[in-house]
Amino acid sequence: MRIILLLLIATFFVMPLSNVEAQKAKTIDELAKMFDSSPCKSCHAEIYAQWEKSHHARPLMGVKGGLMLTPLALKKGEKGSTAFSEDDPKKMKIGNFPCFKCHLPQAVTHAEDSVAVELTEALLAKDSEKVAKLQITCIVCHNEKAIIHKRELGGPEKGVLYSVKEVTSHPDATFKTVKKSAIMNNSVYCGQCHGLGPNLEFDQAFQCANLYGSYLHNYVSGGGTQSCQECHMKKGDHLIAPNFNDEKQTSELLASALSLHVETLGYEWLRKANAYTPKVIVTTKITSNAGHRIPDG
Amino acid sequence: MTAKTAEGKEIGKEERHYHPQATNCRDTKEKYGAQWKVANIRDTSIQPHQAKKETFEFDLPEGVRTADITVNLFYEAVNPDNKYPIHTITREVSLDKE
């Protein structure tokens, strides 16, 4: 086993890495390839299987296969089209999909506008197979999103992964070291995409997830001390539940998160002498042990 | 929450909705979908450290002395037909003391 690994490293070492990395992706396939995490599967099989079922693995079609970016792809003026739509799919640019900030951050940094055109055409053709290639992969999380102190620490380096601990010789062909990230076990890491409130930096403001805002202002403010990872990634679990495509599991998780307490009273109310009104009173109390609002969005 | 007579006739039904509600800040209509929403104007979602308490009160029709109460809590994602059941609690309420 060890010998085979060393050989693999030698084979790939001669391939110039910079060629692929230096220029931006022109097609969906090129972008998918740049952040492809299928090589991680052979060694991290369990984590890979968890991730594959997660919402992060299907960020453009999260709930039951719905192609939720379609309204943006519609022609401007058409019923259901949006402020981000254009009158011709060929005019679509990366900037027409502000959703990429969180749903596909690698498109903002590593894709040409031609990827936006191809995506628009795929959405209009309901080509789910093509849209499914665009994922928040291992590399997006363990490289792209791993550093937020870029002035102090520099940006994410090529060929380096970041995690909660250092691995000086990581036996992957492309990513030969794992450095320690300052934030990967911190809630702010997830907060990069899980939303504070309105996204005001765009020329057309809009709001999607704002759960991180609720975490800061309703959970931390009330004395909560756990991180997103402590509640959602126990033992390194990369399913990061809930998975809304698994109805049974989602119901069970919600049942353990939310308690429902019911009390009842039946009596006859006396409005005035001899005027009894039979009444039923039901009181309900719901409490949550989550670290933020439920539901969000 | 629904209340029924022993014969199954519905005598009360009320709903409470818990969720953040956003408009586009240009009109007063609630919007659905990130491409339309700009900011929350009301937030009835279930927050940590804050219990949601409700009181439902209704009158029993003439001659009815017992009611079957069903409290259902469920989650809806994307559209109201996509439901995830959470809890169902039933109670029989009687005006007669044994």
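Guide: First a term: buried means under 20% relative accessible area, exposed over 50%, and partly exposed in between (1.4 Å probe, protein chains only). By that scale Leu265(A) is partly exposed, because its relative accessible area is 46%.

Visitor: Where is Leu265(A) found?
Guide: Leu265(A) is in strand 3 (residues 258-270) of chain A. Helices (H or I, at least four residues) and strands (E, at least two) are DSSP runs, numbered from the N terminus.

Visitor: Which residues form a nonpolar patch on the surface?
Guide: Leu265(A), Tyr267(A) and Trp269(A) do, with about 270 Å² of accessible area together. Patches take residues with over 30% relative accessible area and no salt bridge; like charges are joined within 9 Å, nonpolar side chains (Val, Leu, Ile, Met, Phe, Trp, Tyr) within 5 Å. The areas come from the Shrake-Rupley method with a 1.4 Å probe, and for residues only the protein chains shown count as cover.

Visitor: Where does the model come from, and how is it numbered?
Guide: This is a predicted model, in which local features need pLDDT of at least 70 and side-chain atom pairs count only at pLDDT 80 or more, while totals for chains, interfaces and linings use all residues. Residues are numbered from 1 along each chain as its sequence is written, chains are lettered from A and ligands numbered from 1 in the order in which they are written, and side-chain values use heavy atoms, with hydrogens and water left out.

Visitor: What is the mean pLDDT of chain A?
Guide: The mean is 93, and 93% of the residues of chain A reach 70 or more. pLDDT is the predictor's confidence in each residue, from 0 to 100.

Visitor: Where does pLDDT stay under 50 in chain A?
Guide: Over residues 1-20, for which the model has six contacts (heavy atoms within 4.5 Å) beyond four places in sequence.

Visitor: New topic. How many aromatic pairs are there over all chains?
Guide: A search of the whole structure finds nine. Rings of Phe, Tyr and Trp (its six-membered ring) pair if their centres lie within 6.5 Å; planes under 30 degrees apart count as stacked, over 60 as edge-to-face and the rest as tilted. Phe84(A) and Phe206(A) are edge-to-face, because their planes are at 80 degrees, with the ring centres 5.8 Å apart. This pair links distant parts of the chain, 122 residues apart.

Visitor: Are Phe84(A) and Phe206(A) buried or exposed?
Guide: Both are buried. Ring pairs also link Phe84(A), Phe202(A) and Phe206(A) into a cluster.

Visitor: And what about Tyr215(A) and Tyr219(A)?
Guide: Their ring centres are 5.4 Å apart and their planes at 35 degrees, so the pair is tilted. Both lie in helix 13 of chain A, four residues apart, about one turn of the helix.

Visitor: Now charges. How many salt bridges are there over all chains?
Guide: The search finds 18. A salt bridge is a side-chain nitrogen of Lys or Arg within 4 Å of a carboxyl oxygen of Asp or Glu. One of them joins Lys64(A) and Glu247(A), with the closest N and O atoms 2.6 Å apart. That pair links parts of the chain 183 residues apart.

Visitor: What about chain B?
Guide: Asp27(B) forms a salt bridge with Lys31(B), at 2.8 Å between the closest N and O atoms. Asp27(B) counts as partly exposed at 34% relative accessibility, whereas Lys31(B) counts as buried at 15%.

Visitor: Which residues are linked in a network of salt bridges?
Guide: Glu268(A), Arg65(B) and Asp96(B).
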